[in-house]
Amino acid sequence: MPDVSHGDENDDAVNSLRSAVMRLGRRLKHQRVDESLSPTEMSVLGTLARCGSATPGELARKEHVQPPSMTRIVALLEAKGLVRLEPHPDDRRQKVVSQTEEAEAMLEESRRKRNVWLTSLAEGLDDDEWAKLRAAAPVLEKLAHL
């Protein structure tokens, strides 16, 4: 394991990363396709797209919310036709949440819109900055999922 002591260089890097990720995240949130969905609802749909079907309890753990909150979120998404609830194959007391085709299409359009926005923003980068961005992307992806 590399030395991650709290030297000034690491502290400065962490501070810059936090600030940049927060700023960029806020700006990306404004590029939403469907303004009727909350960021939490979009996050749940993204988790279903990434991880596949899940029980409400599994979704609550992945999204770091309490199970009753997830039950409400799933009900809202179901009412909007974006998820469906099906019986759990092994436990009849539980349901499995899956995204609908409408949710898949909406997420794809949202990704497309955000990618277009980021691409236009990144047009201001030079070749060296692009190379650094390509090298940093897998590291940022890993941090996002730790």
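This is a predicted model: local features need pLDDT of at least 70, side-chain atom pairs count only at pLDDT 80 or more; totals for chains, interfaces and linings use all residues.
**Exercise 1.** How are helices H2 and H4 oriented towards each other: roughly parallel, roughly antiparallel, roughly perpendicular or oblique?

*Solution.* Two packed helices are described by the angle and the distance between their axes. Begin with the distance: the axes of H2 (residues 39-51) and H4 (residues 67-79) come within 10 Å. Next take the angle, which is roughly 85°. Angles of 65 to 115 degrees count as roughly perpendicular. H2 and H4 are therefore roughly perpendicular to each other. Finally, list the residues that meet: Thr40, Glu41, Val44 and Leu45 on the H2 side, and Met70, Ile73, Leu76 and Leu77 on the H4 side.

**Exercise 2.** Decide whether Thr100 is buried or exposed, and find its contacts beyond four places in sequence.

*Solution.* Locate the residue: Thr100 sits in the loop between strand E2 (95-99) and helix H5 (101-122). Its relative accessible area is 10%. Buried means under 20%, so Thr100 is buried. With neighbours within four places in sequence left aside, Thr100 is in contact with Gly81, Leu82, Val83 and Arg84.

**Exercise 3.** Which helix supplies the largest share of the nonpolar surface patch, and how accessible is Leu140?

*Solution.* First name the members of the patch: Leu17, Val21, Val139, Leu140, Leu143 and Leu146, with about 560 Å² of accessible area together. Helices H1 (8-29) and H6 (127-144) each supply at least two of the patch residues. The largest share, three residues, comes from H6. Leu140 is placed in H6. Its relative accessible area is 38%, which lies between the cut-offs of 20% and 50%, so Leu140 is partly exposed.

Methods:
Residues are numbered from 1 along each chain as its sequence is written. Side-chain values use heavy atoms; hydrogens and water are left out. Patches are made of residues with over 30% relative accessible area and no salt bridge: like charges are joined within 9 Å, nonpolar side chains (Val, Leu, Ile, Met, Phe, Trp, Tyr) within 5 Å. Accessible areas come from the Shrake-Rupley method with a 1.4 Å probe; for residues, only the protein chains shown count as cover. A salt bridge is a side-chain nitrogen of Lys or Arg within 4 Å of a carboxyl oxygen of Asp or Glu. Helices (H or I, at least four residues) and strands (E, at least two) are DSSP runs, numbered from the N terminus. Buried means under 20% relative accessible area, exposed over 50%, partly exposed in between (1.4 Å probe, protein chains only). Contact means heavy atoms within 4.5 Å. Axes are lines fitted to C-alpha atoms, for helices over the stretch in contact, and angles run from 0 to 180 degrees between N-to-C directions. Angles under 35 degrees count as roughly parallel, over 145 as roughly antiparallel, 65 to 115 as roughly perpendicular and the rest as oblique.
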